[in-house]
Amino acid sequence: MRPGEAPHPAWVAYEPALMPPLARMAEEGITVLEEWFRWGEEWSMLLRIYGNLATTGRVLEIGCGQGRVAFALRYLLAAGSYVGFDIDQEKIRFLTRTFHPAHANFEFIWADVHNSFYNPNGRTPATQYRFPAADRSMDLVFAASVFTHMVPENAAHYFEETARVLVPGGRCVCSFFLLDHYVRTRQRRPGFDNARFAFDHGYGGFGDEFATVEPSDPERMTAYRRSLVERLAQRAGLRLACEPLPGYWSAASEAWIGAQDLLVFTPA
Ligand SMILES: C[S@@+](CC[C@H](N)C(=O)[O-])C[C@H]1O[C@@H](n2cnc3c(N)ncnc32)[C@H](O)[C@@H]1O
């Protein structure tokens with residue numbers, strides 16, 4: 001913890017020191033502690049069911065943030081290995097200082113990759129970043145609310161890197177806001193029925209297959225049509241392992257499996 005920042009009390013969680021302070025969580029829009037746990041548990045469930053996560057799995061997380069999902073995986077993956085990378089140096093510093101010493105099989109890597117919202121001064125274009133993993137070395141690659149902050153040219157390269165590092169038969173589980181589920185005039189669900197999720201602006205030459213909430217900062221929040229995601233993934237050598245799973249956010253369907261829409265890929 002930084003000076004002046006009280007760690008969470010022991011009754012909140014085992015290993016409370018692995019959790020970021022509330023003020024840091026709030027920077028991610030998490031205003032209640034329950035949401036921090038809920039999201040991690042949601043992803044732990046999704047990765048077990050759709051990512052074939054095994055206790056001995058080799059896992060790569062794209063955009064690991066402050067370790068919200070890693071926290072939920074730390075004992076599940078006790079006999080496996082986990083590498084998480086993120087472009088926010090502070091988050092990686094925190095995880096390297098706290099999480100890695102407690103769980104040596106969890107590693108965190110900083111990537112100084114440009115993102116108009118999260119790292120506007122990043123030196124490496126996302127299209128040139130090489131994931132910190134060898135070819136065909138990962139059973140599972142996942143991204144929890146990261147492609148929701150990326151423009152298509154960058155997502156295309158991240159799919160190529162995912163295809164490179166996955167073993168044959170491996171899984172890639174990632175969340176999106178699918179424009180197929182976005183109807184401007186329909187009331188979205190609580191928490192999402194506000195301007196932060198108003199995908200009303202085009203970008204680049206992607207027509208109605210891609211939208212951002214803020215053209216001057218396109219990676220603040222992004223949404224894709226399924227057709228575009230599938231095309232980018234196919235070009236990279238990935239195919240959908242199942243139909244996209246609808247999320248809660250859009251109110252497009254009564255049944256949903258998590259907050260965001262979920263896409264599951266496997267090497268073609
Ligand atoms: C909404 S947060 C989600 C964090 C984490 N996945 C979680 O579930 O708590 C999005 C994260 O993606 C990271 N990010 C954005 N663009 C990225 C990129 N090109 N490569 C890796 N991480 C990225 C941000 O720094 C941020 O930590």
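Modeller: Let's go from the whole chain to the sheet, then to the helices. Keep in mind that this is a predicted model.

Biologist: Fine. How many helices and strands does the protein chain have?

Modeller: Six helices and nine strands. The radius of gyration is 18 Å, close to the 18 Å that the globule rule gives for 268 residues, so the protein chain is as compact as a globular protein of that length.

Biologist: And what does the C-alpha trace span along its principal axes?

Modeller: About 50 × 40 × 40 Å.

Biologist: On to the sheet. What is the strand order?

Modeller: β3-β2-β1-β4-β5-β9-β8. That is seven strands in an open sheet, with mixed pairing.

Biologist: Which are the edge strands?

Modeller: β3, residues 106-110, and β8, residues 238-240. Each of them pairs on one side only.

Biologist: How much are neighbouring strands turned against each other?

Modeller: By 20° on average, ignoring direction.

Biologist: Now the helices. Which strands does α6 lie across?

Modeller: β5, β8 and β9. Helix α6 is residues 226-236, and runs at about 145° to β8.

Biologist: What about α4, over which strands does that helix lie?

Modeller: Across β2 and β3. Helix α4 spans residues 89-102 and runs at about 155° to β3.

Biologist: Back to α6. How do α5 and α6 cross?

Modeller: At roughly 40°, with their axes coming within 8 Å. Helix α5 is residues 152-165.

Biologist: Is the crossing left-handed or right-handed?

Modeller: The crossing of α5 and α6 is right-handed.

Biologist: Which residues make the contact?

Modeller: From α5, Pro152, Ala155, Ala156, Phe159, Glu160 and Ala163. From α6, Leu228, Val229, Leu232, Ala233 and Ala236.

Terms used:
Residues numbered from 1 in each chain as written. Predicted model: local features only at pLDDT ≥ 70, side-chain atom pairs only at ≥ 80, totals over all residues. Heavy atoms only, no water. Pairing = 2+ DSSP bridges. Helix = DSSP H or I, 4+ residues; strand = E, 2+ residues; numbered from the N terminus. Axes fitted to C-alpha atoms, helices over the stretch in contact; angles between N-to-C directions. Contact = heavy atoms within 4.5 Å. Left-handed = near helix turned anticlockwise from the far one by under 90°. Rg over C-alpha atoms; globule rule 2.2 N^0.38 Å.
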